[in-house]
Amino acid sequence: MKKFIKLITLPTLALLLVACQSSTEEQPAESAPAESTEQVSTESTESTESTSGDAESEATEESGEEQGSEESDAAASDNGEGTTEEGESATEDTEEASETAATFAFYVTGEEAPIAEFSVEDAEGLSVLEALESNEELTFNFNETEGVVDSIEGYENDYTVGNTWTYVYNGEYAQLGVVSQTLEAGDEIDWYYGTIDEIPINVVPE
């Protein structure tokens with residue numbers, strides 16, 4: 001009887017051992033999918049974070065570009081306003097200068113355009129001669145003996161044919177000489193070289 005029990009017990013124990021080993025081997029296999037799932041989840045999280053980071057980076061770059069563009073536009077606008085203000089200031093200065101200046105033009109018979117012209121700033125109180133002397137580019141000669149200008153830009157008085165220099169004061173006959181005539185702001189002095197008949201106005205008082 002004891003032998004019979006032993007014979008039955010031994011196979012039963014063997015089956016139990018085999019079953020335990022089988023269960024132990026299946027357990028890691030079942031945990032593998034869980035580990036795989038965790039790994040996929042981690043990778044998915046990292047991918048999401050990477051995508052989010054890229055989106056934030058792109059948004060930051062776009063924001064920086066927009067801000068730079070706005071700053072550039074603002075700078076251009078300020079520069080444009082500065083240029084406009086400078087232009088207006090220059091125009092105002094020119095207008096103010098023209099109001100206090102006297103203008104000179106020099107004509108030769110047969111020539112349509114003046115051979116020279118210039119303005120004298122702050123001319124008020126100067127004589128015609130002093131205004132001429134203030135321009136360093138103009139070449140002329142004042143004959144102190146006769147009290148007249150007898151040469152301008154190489155054109156000399158030629159009394160044999162009657163070609164002389166005569167000036168017109170504000171479109172009218174100049175009653176005073178170049179030393180005595182005092183200028184005022186806005187005066188126009190036109191010089192003509194030619195005979196009395198060729199000068200556009202009557203310079204000989206009636």
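Select Glu-153 to begin, and colour the chain by relative accessibility: at 30%, Glu-153 counts as partly exposed. Glu-153 belongs to the loop that runs between strand 4 and strand 5. What is the phi of Glu-153 near? The value is near 50 degrees, which is positive although Glu-153 is not a glycine. Most residues other than glycine have a negative phi. Keep in mind, while you look at such details, that the model in your viewer is predicted.

Next, select Asp-122, which sits in the loop between strand 2 and helix 2 (128-133). The phi of Asp-122 is also positive, near 50 degrees, in a residue other than glycine. Is Asp-122 buried or exposed? Its relative accessible area is 56%, and because exposed means over 50%, Asp-122 counts as exposed.

The protein chain averages a pLDDT of 74, and 50% of the residues score at least 70. Among its elements, helix 1 (residues 2-100) has the lowest mean pLDDT, 53, whereas strand 3 (residues 140-143) has the highest, 98. Select residues 26-38, where pLDDT stays under 50 and where the model has 0 contacts beyond four places in sequence. Where pLDDT is low, the predicted coordinates should not be read in detail.

From there, move to strand 3 and its neighbours. An open sheet of 3 strands has the order 3-4-5, and its pairing is antiparallel. Strand 3 and strand 5 (155-156) are the edge strands, each of them pairing on one side only. Strand 3 and strand 4 run antiparallel and are joined by 4 bridges.

Strands of a sheet pair through backbone hydrogen bonds, either parallel or antiparallel. Begin with strand 1 (residues 102-108), which pairs with strand 2 in the antiparallel sense over 5 bridges. Here Ala-105 stands opposite Glu-117 of strand 2. Then go to strand 6 and strand 7, which pair in the antiparallel sense over 2 bridges, and find Val-168 opposite Tyr-173 of strand 7.

Stay for a moment with strand 2 (residues 116-120), and show its side chains. Which residues make up its covered face? They are Ala-116, Phe-118 and Val-120, while Glu-117 and Ser-119 form the uncovered one. In a regular strand the side chains alternate between the two faces of the sheet.

For the last stop, show the largest pocket, which holds about 260 Å³ of space. Strand 6 gives the most to the lining of the largest pocket, with 4 residues. If you colour the lining by class, you will find 10 nonpolar residues, 5 polar ones and no charged ones.

Definitions and conventions. Residues are numbered from 1 along each chain as its sequence is written. This is a predicted model: local features need pLDDT of at least 70, side-chain atom pairs count only at pLDDT 80 or more; totals for chains, interfaces and linings use all residues. Side-chain values use heavy atoms; hydrogens and water are left out. On a 1 Å grid over the protein atoms alone, a cavity is a set of points where a 1.4 Å probe fits but cannot get out, and a pocket is an open set with protein on both sides within 12 Å along at least five of seven lines; lining residues have an atom within 4 Å of a point. Grid points are joined across faces, edges and corners, and a volume is the space filled by probe spheres set on the points. Ala, Val, Leu, Ile, Met, Phe, Trp, Tyr, Cys and Pro count as nonpolar, Asp, Glu, Lys and Arg as charged, and the others, Gly among them, as polar. Buried means under 20% relative accessible area, exposed over 50%, partly exposed in between (1.4 Å probe, protein chains only). Two strands pair if DSSP finds at least two bridges between them. pLDDT is the predictor's confidence in each residue, from 0 to 100. Contact means heavy atoms within 4.5 Å.
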